[in-house]
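Morning, everyone. Please look at the screen.

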Amino acid sequence: MPVQNFQNGGAEITLNLGDLNPKQKEFCQARSRYIAYGGARGGGKTHVLRLKAVMGALAYPGIRILVIRREYPELEQTVIIPMRRMVPAALAVYNGTIHMFTFANGSIVKFGHYGANDDLEYQGQEYDWIFMDEATQFTEYQFRVLGACLRGATKIPRRMYLTCNPGGVGHFWVKRLFVSRDYKDGENPKDYTFIAATVKDNPQLLENSPDYIKQLELLPEDKRAAWLNGDWDAMSGTFFPEVSRKTHIVSDFWRVPAEWRKYRAFDYGLDMLACLWIAVDYDGRAYVYREAHRSGLIVSQAAQLMLDLTPPGELISATIAPPDMWNRQKDSGKSMAELFAENGVGLLKASNNRVQGWMALKEALKPLKSPEDRPGLLFCENCKVIFDNLQTIQHSEKDPNDCATEPHDITHAPDALRYFAITRLLAADRPMVPEPPDLDEEWVTDYDETMTGGEVDEGYLNY
(Lines give C-alpha, C1' and ligand atoms only; values in the text may rest on other atoms or scores of the structure.)
Protein backbone atom coordinates (compact mmCIF):
# COMPACT_ATOMS: atom_id res chain seq x y z
CA MET A 1 0.00 0.00 0.00
CA PRO A 2 2.73 2.55 -0.80
CA VAL A 3 0.28 4.91 -2.57
CA GLN A 4 -3.42 5.40 -1.89
CA ASN A 5 -5.96 7.74 -3.47
CA PHE A 6 -8.73 9.51 -1.53
CA GLN A 7 -11.65 11.69 -2.53
CA ASN A 8 -12.22 15.03 -0.82
CA GLY A 9 -14.95 17.30 -2.21
CA GLY A 10 -14.71 15.64 -5.60
CA ALA A 11 -10.95 16.09 -5.79
CA GLU A 12 -8.68 13.07 -5.82
CA ILE A 13 -5.84 13.20 -3.29
CA THR A 14 -2.81 10.94 -3.49
CA LEU A 15 -1.22 9.82 -0.22
CA ASN A 16 2.20 8.16 -0.25
CA LEU A 17 2.40 5.97 2.86
CA GLY A 18 5.74 4.38 2.05
CA ASP A 19 6.65 0.71 1.92
CA LEU A 20 6.19 -1.78 4.76
CA ASN A 21 8.45 -4.69 5.60
CA PRO A 22 6.86 -8.02 6.70
CA LYS A 23 7.17 -7.25 10.45
CA GLN A 24 5.56 -3.84 9.98
CA LYS A 25 2.70 -5.43 8.04
CA GLU A 26 2.23 -7.91 10.91
CA PHE A 27 2.01 -4.99 13.33
CA CYS A 28 -0.59 -3.21 11.23
CA GLN A 29 -2.70 -6.36 10.87
CA ALA A 30 -2.65 -7.37 14.57
CA ARG A 31 -6.05 -7.22 16.26
CA SER A 32 -5.44 -7.71 19.99
CA ARG A 33 -6.05 -4.95 22.52
CA TYR A 34 -2.36 -4.29 23.25
CA ILE A 35 0.19 -4.63 20.44
CA ALA A 36 3.91 -4.02 20.96
CA TYR A 37 6.51 -3.69 18.23
CA GLY A 38 10.28 -3.57 18.43
CA GLY A 39 12.91 -5.11 20.64
CA ALA A 40 15.99 -3.72 18.88
CA ARG A 41 17.19 -0.48 17.36
CA GLY A 42 16.53 0.16 13.71
CA GLY A 43 13.48 -2.10 13.38
CA GLY A 44 11.38 0.64 11.79
CA LYS A 45 9.05 1.12 14.74
CA THR A 46 8.61 4.92 14.51
CA HIS A 47 7.78 4.79 10.80
CA VAL A 48 5.12 2.12 11.28
CA LEU A 49 3.66 4.07 14.22
CA ARG A 50 3.16 7.15 12.03
CA LEU A 51 1.74 5.11 9.18
CA LYS A 52 -0.67 3.11 11.37
CA ALA A 53 -2.01 6.27 13.03
CA VAL A 54 -2.72 7.89 9.65
CA MET A 55 -4.26 4.69 8.28
CA GLY A 56 -6.53 4.44 11.31
CA ALA A 57 -7.64 8.06 11.01
CA LEU A 58 -8.60 7.52 7.38
CA ALA A 59 -10.19 4.08 7.82
CA TYR A 60 -12.45 4.99 10.78
CA PRO A 61 -14.16 8.38 10.33
CA GLY A 62 -14.45 10.15 13.68
CA ILE A 63 -11.83 8.02 15.44
CA ARG A 64 -10.00 9.62 18.39
CA ILE A 65 -6.29 8.75 18.44
CA LEU A 66 -3.66 9.73 21.03
CA VAL A 67 0.07 9.53 20.27
CA ILE A 68 2.18 9.94 23.39
CA ARG A 69 5.81 9.99 24.42
CA ARG A 70 7.65 10.73 27.67
CA GLU A 71 9.10 14.03 26.41
CA TYR A 72 7.37 16.24 23.85
CA PRO A 73 10.47 17.52 21.92
CA GLU A 74 11.38 13.97 20.85
CA LEU A 75 7.78 13.36 19.80
CA GLU A 76 7.77 16.47 17.66
CA GLN A 77 11.01 15.58 15.89
CA THR A 78 10.35 11.88 15.28
CA VAL A 79 6.58 11.76 14.74
CA ILE A 80 4.83 15.10 14.27
CA ILE A 81 7.10 16.76 11.72
CA PRO A 82 7.37 13.62 9.50
CA MET A 83 3.58 13.17 9.69
CA ARG A 84 3.01 16.75 8.59
CA ARG A 85 5.13 16.01 5.54
CA MET A 86 3.25 12.76 4.91
CA VAL A 87 -0.35 14.00 5.16
CA PRO A 88 -1.59 16.52 2.55
CA ALA A 89 -3.36 19.57 3.98
CA ALA A 90 -6.45 18.62 1.95
CA LEU A 91 -6.80 15.50 4.11
CA ALA A 92 -5.92 16.90 7.53
CA VAL A 93 -5.04 20.21 9.17
CA TYR A 94 -2.49 20.40 11.98
CA ASN A 95 -3.00 22.82 14.89
CA GLY A 96 0.33 23.51 16.54
CA THR A 97 -1.27 25.20 19.56
CA ILE A 98 -3.18 22.13 20.69
CA HIS A 99 -0.84 19.62 18.96
CA MET A 100 -3.56 17.88 16.95
CA PHE A 101 -4.38 16.76 13.42
CA THR A 102 -8.03 17.19 12.40
CA PHE A 103 -8.96 15.08 9.37
CA ALA A 104 -11.62 15.95 6.82
CA ASN A 105 -13.66 12.88 7.86
CA GLY A 106 -13.83 14.03 11.50
CA SER A 107 -10.98 11.91 12.85
CA ILE A 108 -8.38 13.45 15.17
CA VAL A 109 -4.82 12.52 16.09
CA LYS A 110 -3.77 14.20 19.34
CA PHE A 111 -0.11 14.39 20.49
CA GLY A 112 1.04 14.64 24.09
CA HIS A 113 3.75 13.88 26.61
CA TYR A 114 3.43 12.01 29.90
CA GLY A 115 5.98 12.91 32.55
CA ALA A 116 6.21 11.94 36.20
CA ASN A 117 3.52 14.38 37.39
CA ASP A 118 1.07 14.25 34.48
CA ASP A 119 -1.27 11.52 35.75
CA LEU A 120 -4.28 13.78 36.27
CA GLU A 121 -4.04 15.17 32.75
CA TYR A 122 -5.02 11.83 31.20
CA GLN A 123 -7.39 10.39 33.79
CA GLY A 124 -10.95 10.58 32.47
CA GLN A 125 -10.05 11.16 28.82
CA GLU A 126 -11.45 8.92 26.07
CA TYR A 127 -9.65 7.58 23.02
CA ASP A 128 -10.22 4.74 20.57
CA TRP A 129 -6.55 4.11 19.81
CA ILE A 130 -3.49 5.09 21.83
CA PHE A 131 0.08 4.93 20.54
CA MET A 132 2.76 4.75 23.24
CA ASP A 133 6.11 5.58 21.66
CA GLU A 134 9.18 4.22 23.50
CA ALA A 135 6.99 2.39 26.00
CA THR A 136 9.90 1.28 28.19
CA GLN A 137 10.32 4.94 29.23
CA PHE A 138 6.96 4.73 31.05
CA THR A 139 5.99 3.04 34.29
CA GLU A 140 3.40 0.26 34.39
CA TYR A 141 1.11 2.59 36.34
CA GLN A 142 1.24 5.12 33.48
CA PHE A 143 0.52 2.33 31.00
CA ARG A 144 -2.54 1.31 33.01
CA VAL A 145 -3.75 4.93 33.35
CA LEU A 146 -3.63 5.30 29.57
CA GLY A 147 -5.23 1.89 29.09
CA ALA A 148 -8.20 3.10 31.12
CA CYS A 149 -8.69 5.84 28.50
CA LEU A 150 -9.57 3.23 25.83
CA ARG A 151 -13.33 3.72 25.91
CA GLY A 152 -16.16 5.54 24.18
CA ALA A 153 -19.62 5.21 22.66
CA THR A 154 -18.49 4.22 19.14
CA LYS A 155 -18.02 0.66 17.86
CA ILE A 156 -14.44 1.33 16.78
CA PRO A 157 -12.18 -1.45 18.17
CA ARG A 158 -10.18 -0.17 21.16
CA ARG A 159 -6.45 -0.74 20.83
CA MET A 160 -3.15 0.42 22.29
CA TYR A 161 -0.02 0.25 20.15
CA LEU A 162 3.41 0.30 21.80
CA THR A 163 6.90 0.68 20.37
CA CYS A 164 9.80 -0.33 22.57
CA ASN A 165 13.44 -1.30 23.02
CA PRO A 166 15.03 -3.13 25.98
CA GLY A 167 16.15 -0.92 28.86
CA GLY A 168 14.52 1.98 30.62
CA VAL A 169 12.30 2.34 33.65
CA GLY A 170 9.54 0.28 32.04
CA HIS A 171 11.77 -2.58 30.90
CA PHE A 172 10.42 -5.11 33.37
CA TRP A 173 6.68 -4.68 32.85
CA VAL A 174 7.01 -4.56 29.04
CA LYS A 175 9.13 -7.71 29.12
CA ARG A 176 6.72 -9.41 31.52
CA LEU A 177 3.60 -8.73 29.46
CA PHE A 178 4.88 -9.03 25.90
CA VAL A 179 8.08 -11.11 25.96
CA SER A 180 7.98 -13.43 28.98
CA ARG A 181 4.16 -13.48 28.95
CA ASP A 182 4.02 -13.89 32.73
CA TYR A 183 0.50 -12.78 33.60
CA LYS A 184 -1.17 -11.90 36.88
CA ASP A 185 -4.75 -12.54 37.88
CA GLY A 186 -7.11 -10.53 35.71
CA GLU A 187 -4.67 -10.21 32.77
CA ASN A 188 -5.82 -12.02 29.63
CA PRO A 189 -2.93 -13.42 27.55
CA LYS A 190 -5.02 -13.01 24.39
CA ASP A 191 -4.95 -9.23 24.90
CA TYR A 192 -1.19 -8.99 24.33
CA THR A 193 0.71 -9.38 21.05
CA PHE A 194 4.42 -8.77 20.52
CA ILE A 195 6.06 -8.38 17.11
CA ALA A 196 9.83 -8.67 17.56
CA ALA A 197 11.85 -6.76 14.97
CA THR A 198 15.54 -5.98 14.55
CA VAL A 199 17.50 -3.88 12.11
CA LYS A 200 17.78 -6.95 9.88
CA ASP A 201 14.00 -6.79 9.38
CA ASN A 202 14.30 -3.25 8.02
CA PRO A 203 15.79 -3.43 4.50
CA GLN A 204 15.08 0.26 3.85
CA LEU A 205 17.39 1.31 6.68
CA LEU A 206 20.11 -1.14 5.68
CA GLU A 207 19.98 0.16 2.13
CA ASN A 208 20.20 3.81 3.17
CA SER A 209 22.63 3.29 6.09
CA PRO A 210 24.73 0.18 5.32
CA ASP A 211 27.13 0.89 8.23
CA TYR A 212 24.40 0.97 10.88
CA ILE A 213 24.92 -2.66 11.93
CA LYS A 214 28.66 -2.07 12.26
CA GLN A 215 27.94 0.86 14.59
CA LEU A 216 25.79 -1.35 16.81
CA GLU A 217 28.42 -4.09 16.82
CA LEU A 218 30.94 -1.66 18.36
CA LEU A 219 28.74 -1.07 21.43
CA PRO A 220 29.50 -2.64 24.86
CA GLU A 221 28.32 -6.21 25.18
CA ASP A 222 25.06 -5.54 27.05
CA LYS A 223 23.95 -2.71 24.75
CA ARG A 224 25.01 -4.65 21.66
CA ALA A 225 22.93 -7.67 22.71
CA ALA A 226 19.91 -5.48 23.46
CA TRP A 227 20.04 -2.95 20.62
CA LEU A 228 21.30 -5.21 17.85
CA ASN A 229 19.67 -8.54 18.74
CA GLY A 230 16.74 -7.41 20.87
CA ASP A 231 17.91 -9.42 23.91
CA TRP A 232 15.58 -8.47 26.78
CA ASP A 233 17.83 -10.20 29.34
CA ALA A 234 20.87 -8.10 28.44
CA MET A 235 19.67 -4.78 29.90
CA SER A 236 17.23 -5.58 32.68
CA GLY A 237 18.26 -2.47 34.56
CA THR A 238 21.07 0.01 34.45
CA PHE A 239 22.00 0.63 38.10
CA PHE A 240 22.70 -3.05 38.90
CA PRO A 241 23.81 -4.57 35.58
CA GLU A 242 25.79 -7.15 37.55
CA VAL A 243 22.59 -8.79 38.83
CA SER A 244 21.71 -11.88 36.79
CA ARG A 245 19.58 -14.94 37.36
CA LYS A 246 22.44 -17.28 36.50
CA THR A 247 24.79 -15.69 39.04
CA HIS A 248 22.62 -14.54 41.92
CA ILE A 249 19.69 -16.97 42.16
CA VAL A 250 19.97 -20.14 44.27
CA SER A 251 17.45 -22.93 44.83
CA ASP A 252 15.23 -22.43 47.86
CA PHE A 253 16.50 -23.82 51.13
CA TRP A 254 14.50 -26.68 52.56
CA ARG A 255 15.74 -25.34 55.89
CA VAL A 256 18.00 -22.42 56.61
CA PRO A 257 20.70 -23.77 58.95
CA ALA A 258 19.85 -22.87 62.52
CA GLU A 259 23.45 -21.82 63.17
CA TRP A 260 23.41 -19.05 60.54
CA ARG A 261 22.68 -15.53 61.75
CA LYS A 262 19.35 -14.22 60.56
CA TYR A 263 18.25 -10.63 60.07
CA ARG A 264 15.21 -8.73 58.93
CA ALA A 265 15.46 -5.46 56.97
CA PHE A 266 12.49 -3.37 55.94
CA ASP A 267 11.23 -0.15 54.41
CA TYR A 268 7.93 1.09 55.74
CA GLY A 269 5.14 3.45 54.80
CA LEU A 270 1.39 3.20 54.54
CA ASP A 271 1.84 2.80 50.79
CA MET A 272 4.05 -0.28 51.23
CA LEU A 273 5.82 -2.44 53.78
CA ALA A 274 8.73 -4.27 52.14
CA CYS A 275 10.45 -6.69 54.51
CA LEU A 276 13.31 -9.07 53.71
CA TRP A 277 14.61 -12.00 55.75
CA ILE A 278 18.35 -12.50 55.23
CA ALA A 279 20.62 -15.27 56.56
CA VAL A 280 24.42 -14.93 56.83
CA ASP A 281 26.60 -18.04 56.70
CA TYR A 282 29.99 -18.72 58.27
CA ASP A 283 31.89 -16.95 55.47
CA GLY A 284 29.77 -13.80 55.64
CA ARG A 285 27.77 -14.63 52.50
CA ALA A 286 24.17 -13.41 52.75
CA TYR A 287 21.04 -15.12 51.42
CA VAL A 288 17.70 -13.36 50.98
CA TYR A 289 15.40 -16.27 51.79
CA ARG A 290 11.99 -14.70 52.50
CA GLU A 291 10.17 -11.51 51.54
CA ALA A 292 6.89 -9.75 52.32
CA HIS A 293 5.24 -6.86 50.49
CA ARG A 294 1.99 -5.40 51.80
CA SER A 295 0.33 -2.00 51.54
CA GLY A 296 -2.07 -0.18 53.86
CA LEU A 297 -0.64 -1.52 57.15
CA ILE A 298 -0.40 0.55 60.33
CA VAL A 299 2.63 -0.06 62.56
CA SER A 300 0.99 -2.71 64.76
CA GLN A 301 -0.18 -4.63 61.67
CA ALA A 302 3.25 -4.38 60.04
CA ALA A 303 4.95 -5.67 63.18
CA GLN A 304 2.47 -8.53 63.49
CA LEU A 305 3.03 -9.53 59.86
CA MET A 306 6.79 -9.73 60.47
CA LEU A 307 6.21 -11.91 63.53
CA ASP A 308 3.67 -14.12 61.78
CA LEU A 309 6.04 -14.79 58.88
CA THR A 310 8.95 -15.62 61.20
CA PRO A 311 8.53 -19.28 62.26
CA PRO A 312 8.71 -20.15 65.97
CA GLY A 313 12.28 -20.88 66.99
CA GLU A 314 13.81 -18.82 64.14
CA LEU A 315 16.07 -16.42 66.01
CA ILE A 316 16.33 -12.98 64.41
CA SER A 317 19.54 -11.25 65.46
CA ALA A 318 18.32 -7.77 64.45
CA THR A 319 15.57 -6.03 62.52
CA ILE A 320 17.15 -3.24 60.50
CA ALA A 321 15.06 -0.15 59.81
CA PRO A 322 15.39 3.26 58.12
CA PRO A 323 16.33 6.15 60.44
CA ASP A 324 13.04 7.98 59.90
CA MET A 325 11.42 5.33 62.13
CA TRP A 326 12.94 7.30 65.05
CA ASN A 327 11.18 10.56 64.17
CA ARG A 328 8.60 11.45 66.81
CA GLN A 329 4.97 11.69 65.75
CA LYS A 330 3.18 14.95 66.49
CA ASP A 331 -0.04 13.29 67.65
CA SER A 332 1.41 10.74 70.09
CA GLY A 333 4.90 12.02 70.82
CA LYS A 334 6.18 8.52 70.14
CA SER A 335 8.37 7.39 67.29
CA MET A 336 7.43 4.52 65.02
CA ALA A 337 10.47 2.68 66.39
CA GLU A 338 8.84 2.80 69.82
CA LEU A 339 5.55 1.57 68.37
CA PHE A 340 7.30 -1.34 66.64
CA ALA A 341 9.04 -2.23 69.92
CA GLU A 342 5.73 -2.10 71.80
CA ASN A 343 4.38 -4.56 69.25
CA GLY A 344 7.20 -7.03 69.70
CA VAL A 345 9.71 -5.91 67.05
CA GLY A 346 12.76 -4.04 68.30
CA LEU A 347 14.66 -2.11 65.64
CA LEU A 348 18.26 -1.39 64.72
CA LYS A 349 18.80 1.99 63.03
CA ALA A 350 20.48 1.91 59.61
CA SER A 351 22.31 4.74 57.91
CA ASN A 352 20.31 6.61 55.29
CA ASN A 353 23.32 7.67 53.21
CA ARG A 354 21.95 6.58 49.86
CA VAL A 355 25.15 6.63 47.81
CA GLN A 356 27.17 4.75 50.45
CA GLY A 357 24.32 2.29 50.84
CA TRP A 358 24.13 1.52 47.13
CA MET A 359 27.90 1.14 46.94
CA ALA A 360 27.79 -1.28 49.89
CA LEU A 361 25.09 -3.24 48.08
CA LYS A 362 27.16 -3.36 44.91
CA GLU A 363 30.09 -4.68 46.96
CA ALA A 364 27.85 -7.40 48.37
CA LEU A 365 26.71 -8.43 44.88
CA LYS A 366 30.22 -9.06 43.59
CA PRO A 367 32.16 -12.35 44.11
CA LEU A 368 32.92 -12.75 47.81
CA LYS A 369 36.60 -13.75 47.84
CA SER A 370 37.88 -14.19 44.29
CA PRO A 371 36.60 -13.54 40.75
CA GLU A 372 35.70 -17.26 40.52
CA ASP A 373 33.81 -17.27 43.82
CA ARG A 374 30.05 -16.91 44.21
CA PRO A 375 28.68 -13.44 45.06
CA GLY A 376 28.46 -12.28 48.63
CA LEU A 377 24.70 -11.77 48.29
CA LEU A 378 22.37 -14.37 46.82
CA PHE A 379 18.60 -14.67 46.40
CA CYS A 380 16.35 -17.68 46.82
CA GLU A 381 13.98 -18.41 43.93
CA ASN A 382 10.92 -17.50 45.98
CA CYS A 383 12.15 -13.91 46.48
CA LYS A 384 11.00 -12.68 43.09
CA VAL A 385 9.98 -9.12 43.94
CA ILE A 386 13.32 -7.92 45.31
CA PHE A 387 15.22 -9.63 42.49
CA ASP A 388 12.99 -8.15 39.77
CA ASN A 389 13.16 -4.70 41.38
CA LEU A 390 16.97 -4.79 41.41
CA GLN A 391 16.98 -5.72 37.73
CA THR A 392 14.59 -2.86 36.94
CA ILE A 393 15.73 0.12 39.00
CA GLN A 394 17.56 2.85 37.10
CA HIS A 395 20.17 5.53 37.76
CA SER A 396 18.92 8.82 39.12
CA GLU A 397 18.84 11.50 36.43
CA LYS A 398 20.27 13.98 38.97
CA ASP A 399 23.00 11.79 40.49
CA PRO A 400 24.48 8.83 38.60
CA ASN A 401 25.70 7.39 41.94
CA ASP A 402 22.14 7.16 43.23
CA CYS A 403 19.12 5.08 42.23
CA ALA A 404 16.07 6.67 40.71
CA THR A 405 13.14 7.16 43.08
CA GLU A 406 10.61 6.52 40.29
CA PRO A 407 8.68 4.40 39.74
CA HIS A 408 8.18 4.53 43.49
CA ASP A 409 6.57 1.10 43.75
CA ILE A 410 9.84 -0.68 42.83
CA THR A 411 12.05 1.25 45.29
CA HIS A 412 10.82 -0.17 48.63
CA ALA A 413 12.48 -3.59 48.51
CA PRO A 414 15.83 -2.25 47.18
CA ASP A 415 15.80 0.36 49.95
CA ALA A 416 15.30 -2.39 52.53
CA LEU A 417 18.25 -4.31 51.07
CA ARG A 418 20.31 -1.10 51.08
CA TYR A 419 19.71 -0.72 54.83
CA PHE A 420 20.96 -4.27 55.32
CA ALA A 421 24.05 -3.77 53.14
CA ILE A 422 25.20 -0.56 54.87
CA THR A 423 24.82 -2.01 58.38
CA ARG A 424 27.87 -3.75 59.84
CA LEU A 425 26.71 -7.28 60.60
CA LEU A 426 28.31 -10.44 61.91
CA ALA A 427 28.74 -13.71 60.09
CA ALA A 428 27.58 -16.93 61.71
CA ASP A 429 29.87 -18.49 64.30
CA ARG A 430 31.23 -21.85 63.31
CA PRO A 431 30.23 -24.52 65.85
CA MET A 432 33.08 -25.55 68.15
CA VAL A 433 34.28 -29.10 67.53
CA PRO A 434 36.22 -30.47 70.56
CA GLU A 435 39.69 -31.71 69.74
CA PRO A 436 40.64 -35.26 70.84
CA PRO A 437 42.85 -35.34 73.96
CA ASP A 438 46.58 -35.91 73.63
CA LEU A 439 47.41 -39.34 75.08
CA ASP A 440 50.77 -40.12 76.66
CA GLU A 441 52.47 -43.39 75.74
CA GLU A 442 52.04 -44.76 79.25
CA TRP A 443 48.25 -44.59 78.75
CA VAL A 444 48.38 -46.54 75.46
CA THR A 445 47.70 -50.27 75.73
CA ASP A 446 49.09 -52.63 73.12
CA TYR A 447 46.11 -54.13 71.28
CA ASP A 448 47.77 -57.46 70.70
CA GLU A 449 48.69 -57.92 74.35
CA THR A 450 45.20 -56.99 75.43
CA MET A 451 43.58 -59.53 73.14
CA THR A 452 45.96 -62.43 73.87
CA GLY A 453 46.84 -61.75 77.46
CA GLY A 454 50.58 -61.62 76.75
CA GLU A 455 53.14 -61.80 74.03
CA VAL A 456 51.95 -62.67 70.57
CA ASP A 457 52.91 -66.13 69.28
CA GLU A 458 52.14 -68.06 66.11
CA GLY A 459 49.02 -69.54 67.66
CA TYR A 460 47.41 -66.12 67.50
CA LEU A 461 47.25 -66.44 63.74
CA ASN A 462 45.03 -69.48 64.04
CA TYR A 463 42.14 -67.69 65.69
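This is a predicted model: local features need pLDDT of at least 70, side-chain atom pairs count only at pLDDT 80 or more; totals for chains, interfaces and linings use all residues.

Start with the aromatic pairs; the structure holds 26 of them. Take W129 and Y161: the ring centres are 5.4 Å apart and the planes sit at 65 degrees, so this pair is edge-to-face. W129 belongs to strand 8, residues 129-132, and Y161 to strand 9, residues 159-164, so the pair ties together parts 32 residues apart in sequence. Both W129 and Y161 are buried. They also belong to a cluster: ring pairs link F27, Y37, Y60, W129, F131 and Y161.

The next pair is F240 and W358. Their ring centres are 6.1 Å apart with the planes at 70 degrees, so this one is edge-to-face. It links distant parts of the chain, 118 residues apart. F240 is in the loop between helix 9 (221-229) and helix 10 (245-248), and W358 is in helix 13, residues 354-365. How buried are they? F240 has a relative accessible area of 1%, so it is buried. W358 counts as buried because its relative accessibility is 0%.

Now the charges over rings. R64 lies over the face of Y127, 5.3 Å from the ring centre. K362 lies over the face of F239, at 5.2 Å from the ring centre.

Last, helix 15, residues 412-422. How many of its 11 residues are buried? The count is 10, so to speak a mostly covered helix. Among the buried residues are H412, D415, R418 and Y419.

That is what I have.

Key:
Residues are numbered from 1 along each chain as its sequence is written. Side-chain values use heavy atoms; hydrogens and water are left out. Buried means under 20% relative accessible area, exposed over 50%, partly exposed in between (1.4 Å probe, protein chains only). Helices (H or I, at least four residues) and strands (E, at least two) are DSSP runs, numbered from the N terminus. Rings of Phe, Tyr and Trp (its six-membered ring) pair if their centres lie within 6.5 Å; planes under 30 degrees apart count as stacked, over 60 as edge-to-face and the rest as tilted. A charge sits over a ring if NZ of Lys or CZ of Arg is within 6 Å of the ring centre and within 35 degrees of the ring normal.
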